[in-house]
Amino acid sequence: MSENITHTAVTDDCTRLALHSPEICDAFKECLGEHLEIARLSGSTRGGDRSTASLLARFRDAWPNRTQGDMLPEKLAFVLGWLCHRAADRQMKPIFRATDAGDAAPPRDCSIHHDVFLFREIYAGGEREPYSPATAEIGMQSLPAAQALDVDQIEDLLRAILQRALIGLHTFIPDRDDVEGWMERLFAMRQRFYIDIRYYAEVFANPDADKMKRFIHDVNFYDGADAIIRLARSLQHGSADETIDLAEAVEGAASQSQYAQALRKGHLYIQAASDYFERRLDEETLRNRLDIGKPGG
């Protein structure tokens with residue numbers, strides 16, 4: 001999906017803030033600290049808003065009796081990544097629609113520019129994990145294998161392998177009374193590869209000044225001076241900026257850059273989930289604080 005880098009960045013930064021916060025429960029810190037890759041995976045996975053509350057309830061009840069084989073920490077990390085995805089969507093999708101008005105379908109030019117900006121700003125053009133500099137290269141030319149293989153053909157092959165793997169994860173029971181309808185539903189639900197990776201590489205290599213102004217600067221997408229962003233960057237680089245109070249930074253982010261507001265939403269969602277996990281609020285209040293069922297995003 002598009003916005004993968006933006007979702008990953010929000011998940012990474014919300015994880016940093018959660019691990020830094022004295023208000024987040026130990027269970028969440030354990031899950032995020034040990035299973036960030038799983039949180040990243042769900043951070044770019046759609047549909048989590050439909051089941052986060054019910055899953056949190058199940059995992060909360062099961063947590064005291066967890067065993068090594070039940071993978072409960074991994075499952076909980078997945079749910080927390082979903083909360084970060086939801087925070088990013090609710091903040092950014094209205095921006096995509098407003099700036100790319102008339103664009104029929106995603107991925108929108110705006111979301112691609114957001115991804116490329118964060119790839120450069122937060123991940124140093126792929127020098128910082130989980131990315132590689134080749135991620136945004138035309139033809140991935142810095143990789144030795146790119147000199148020996150046809151990159152376009154390999155990309156097509158890997159897409160086919162991934163599609164087959166995704167189908168293999170599901171059980172499809174044919175509807176023998178409506179075979180054509182069953183086939184139509186199968187085709188409608190298959191993963192479509194609609195993102196032009198080459199365009200990402202072009203935007204990274206040759207940014208358009210007008211589009212940068214329109215998609216980044218005019219909407220105040222990212223401001224490195226925002227306290228919550230400065231705190232996240234200091235944590236990324238190894239030590240918290242002790243001059244920044246997290247609670248004050250979260251409060252101030254409500255009127256700051258779009259990315260700061262996304263971090264604020266993600267942190268507040270994780271805080272609400274933590275309070276619920278420690279039985280300090282009921283499910284109705286949790287759903288309200290997670291904006292479940294509310295318009296937007």
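Reading along the sequence, the protein chain on the screen goes α-α-α-α-α-α-α-α-α-α-α-α-α-α. That is 14 helices and zero strands. Helices here are DSSP runs of H or I with at least four residues, strands are runs of E with at least two, and both are numbered from the N terminus.

Some housekeeping. This is a predicted model, where local features need pLDDT of at least 70 and side-chain atom pairs count only at pLDDT 80 or more, while totals for chains, interfaces and linings use all residues. Residues are numbered from 1 along each chain as its sequence is written, and side-chain values use heavy atoms, with hydrogens and water left out.

Now the chain as a whole. Of its 297 residues, 44% are buried, meaning under 20% relative accessible area with a 1.4 Å probe, protein chains only. Contact means heavy atoms within 4.5 Å. Among contacts with a separation of 6 or more, 72% join residues 24 or more positions apart.

Next, one helix pair. Two packed helices are described by the angle between their axes and the distance between the axes. For α4, residues 52–62, and α5, residues 72–99, the angle is about 150° and the axes are 10 Å apart. Axes are lines fitted to C-alpha atoms, for helices over the stretch in contact, and angles run from 0 to 180 degrees between N-to-C directions. The two helices are therefore roughly antiparallel, a label for angles over 145 degrees. The crossing of α4 past α5 is left-handed; that is, the near helix is turned anticlockwise from the far one by less than a right angle.

Which residues of α4 and α5 meet? From α4 they are T52, L55, L56, F59 and A62; from α5, L72, K75, L76, V79, W82 and L83. By type, this contact has nine nonpolar residues, one polar and one charged. Nonpolar covers Ala, Val, Leu, Ile, Met, Phe, Trp, Tyr, Cys and Pro; charged covers Asp, Glu, Lys and Arg; the others, Gly among them, are polar.

Take T52, in α4. T52 counts as buried because its relative accessibility is 2%. Neighbours within four places in sequence aside, T52 is in contact with V79, W82, L83, L290 and I292.

Last, S111, in helix α6, residues 109–121. Is S111 buried or exposed? Buried, because its relative accessibility is 1%. S111 and E3 are 108 residues apart in sequence, yet 5.7 Å apart in space, C-alpha to C-alpha.

How values were computed. Parallel < 35°, antiparallel > 145°, perpendicular 65-115°, else oblique. Buried < 20%, exposed > 50% of the residue type's maximum accessible area, 1.4 Å probe, protein only.
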